[in-house]
Amino acid sequence: MKNGEINVRIPQITSLQTAIRLFYERTELNNSDIEQLFGKLSSATVSRLKNKARQRMVELGTPAWNSNCVNTRVSYEAWGLDIQDLESRYKKLKELAV
């Protein structure tokens, strides 16, 4: 871990469909969106997740348009969620369900 890096355990996403929908539907994520993505979380965990995303936003020079939200694209990156991988998995699940 780098000096000053936020350490937080990233929870399991609730569903591929929700993760993909939120990525394309929201430019910024609020607490409610984060709970949709990961399920019911303590306010402290939500804060740590947002702080990790904010730290990455600062590193990339990504502006924050709302102080209560974090940029969706940068948040997914900070949390290790690869949208192409999520889409590929979702597509495969849909094929298997046929």
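Analyst: The residues lining the largest pocket divide into four nonpolar, two polar and three charged. In this scheme Ala, Val, Leu, Ile, Met, Phe, Trp, Tyr, Cys and Pro count as nonpolar, Asp, Glu, Lys and Arg as charged, and the others, Gly among them, as polar. The model is predicted: local features need pLDDT of at least 70, side-chain atom pairs count only at pLDDT 80 or more, and totals for chains, interfaces and linings use all residues. Residues are numbered from 1 along each chain as its sequence is written, and side-chain values use heavy atoms, with hydrogens and water left out.

The lining consists of Gln12, Ile13, Leu16, Gly80, Leu81, Asp82, Asp85, Leu86 and Arg89. Here a pocket is an open set of points on a 1 Å grid over the protein atoms alone, where a 1.4 Å probe fits, with protein on both sides within 12 Å along at least five of seven lines; lining residues have an atom within 4 Å of a point. Its volume is about 180 Å³, taken as the space filled by probe spheres set on the points, which are joined across faces, edges and corners. Helix α5 (residues 83–96) gives the largest share of the lining, three residues; helices are DSSP runs (H or I, at least four residues), numbered from the N terminus.

Leu86 is also among the residues with the most contacts inside the largest nonpolar core, together with Leu37, Phe38, Tyr76 and Trp79; this core has 24 residues. Such a core is a set of buried Ala, Val, Leu, Ile, Met, Phe, Trp, Tyr and Cys residues joined through side-chain atoms within 4.5 Å, where buried means under 20% relative accessible area and exposed over 50%, computed with a 1.4 Å probe on protein chains only. The largest share of this core, five residues, comes from α1. Leu37 touches Gln12, Ile13 and Leu81, among others, which are also part of the pocket lining; contact means heavy atoms within 4.5 Å.

Tyr76 also belongs to a cluster that ring pairs form with Phe23 and Tyr24. Rings of Phe, Tyr and Trp (its six-membered ring) pair if their centres lie within 6.5 Å, with planes under 30 degrees apart counted as stacked, over 60 as edge-to-face and the rest as tilted. The count comes to three aromatic pairs. Phe23 and Tyr24 are edge-to-face, at 5.0 Å centre to centre and 85° between the planes. Phe23 is buried at 18% relative accessible area, whereas Tyr24 is exposed at 52%.

Conventions:
Helices (H or I, at least four residues) and strands (E, at least two) are DSSP runs, numbered from the N terminus. Lists of a residue's contacts leave out its neighbours within four places in sequence.
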